Amino acid sequence: MGIRKYSAASLLLRFPKPKAFVPFAIITGVLGVAPLFDAEFFSAALLAHVLTFVLYTLGAVIPVMIFTQSLLAPRLAILARAWSTGTVLACAAYTLFNLNEYFLEWDSLEKVGLSLITLAAGDFGWGILKSLATLSLGNAWMHIFTTHTFHYADSATVAEVFNLS
């Protein structure tokens, strides 16, 4: 018995229309991060920008994309027999995946209520956007360009943490 292999197409990792996807990715990526550029961002060392890109991409963006958008979202859409229902199910799974966020508090009824509101407003909204971009366009990479480029504005913080000047 062998290991089951998934094709790039079944994981939604192909770019079937590069003339449409590449400009879309560039425009949405730049629009997502451009408002966050400030003097601190531009004063960070080049190494800090490179390190930010590598750390965020390999440590968070790619693993989460593979799990939620390449594996989970398409299979939920198939199980639900509709990409729209699959979008909502994938979004709910993404929200549950974030129950351990550092800013959520579960030690009192009021804090539980605020945490649930935060999850519903933040993660459920982002989850809808990610799953909608992935399933409607048929490409898991799109969720990175539509929702994760703002992380790359953290270069100044990465420079501070790693003492890069």
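What volume does the second largest pocket have? In this predicted model, the second largest pocket has a volume of about 280 Å³, while the space in the largest pocket comes to about 440 Å³.

The largest pocket has a lining of 20 residues, and those that lie nearest its centre are Tyr-94, Asn-98, Glu-101, His-148 and His-151. Two or more residues of this lining are given by each of helix H3 (46-80), helix H4 (83-97) and helix H5 (109-137), and the largest share, 6 residues, comes from H3. Sorted by class, the lining of the largest pocket holds 10 nonpolar, 7 polar and 3 charged residues.

The second largest pocket is lined by 19 residues, with Phe-53, Thr-57, Phe-145, Thr-149 and Tyr-152 lying nearest its centre. Here the elements that contribute two or more residues to the lining are helix H1 (18-33), H3 and helix H6 (142-147), and H3 gives the most, with 6 residues. The lining of the second largest pocket divides into 13 nonpolar residues, 6 polar residues and no charged ones.

| Pocket | Volume | Lining residues by class |
|---|---|---|
| Largest pocket | about 440 Å³ | 10 nonpolar, 7 polar and 3 charged residues |
| Second largest pocket | about 280 Å³ | 13 nonpolar, 6 polar and no charged residues |

Definitions and conventions. Residues numbered from 1 in each chain as written. Predicted model: local features only at pLDDT ≥ 70, side-chain atom pairs only at ≥ 80, totals over all residues. Heavy atoms only, no water. 1 Å grid on protein atoms, 1.4 Å probe; cavity = no way out; pocket = protein on both sides within 12 Å on 5 of 7 lines; lining within 4 Å. Points joined across faces, edges and corners; volume = space filled by probe spheres on them. Helix = DSSP H or I, 4+ residues; strand = E, 2+ residues; numbered from the N terminus. Nonpolar A, V, L, I, M, F, W, Y, C, P; charged D, E, K, R; others polar.
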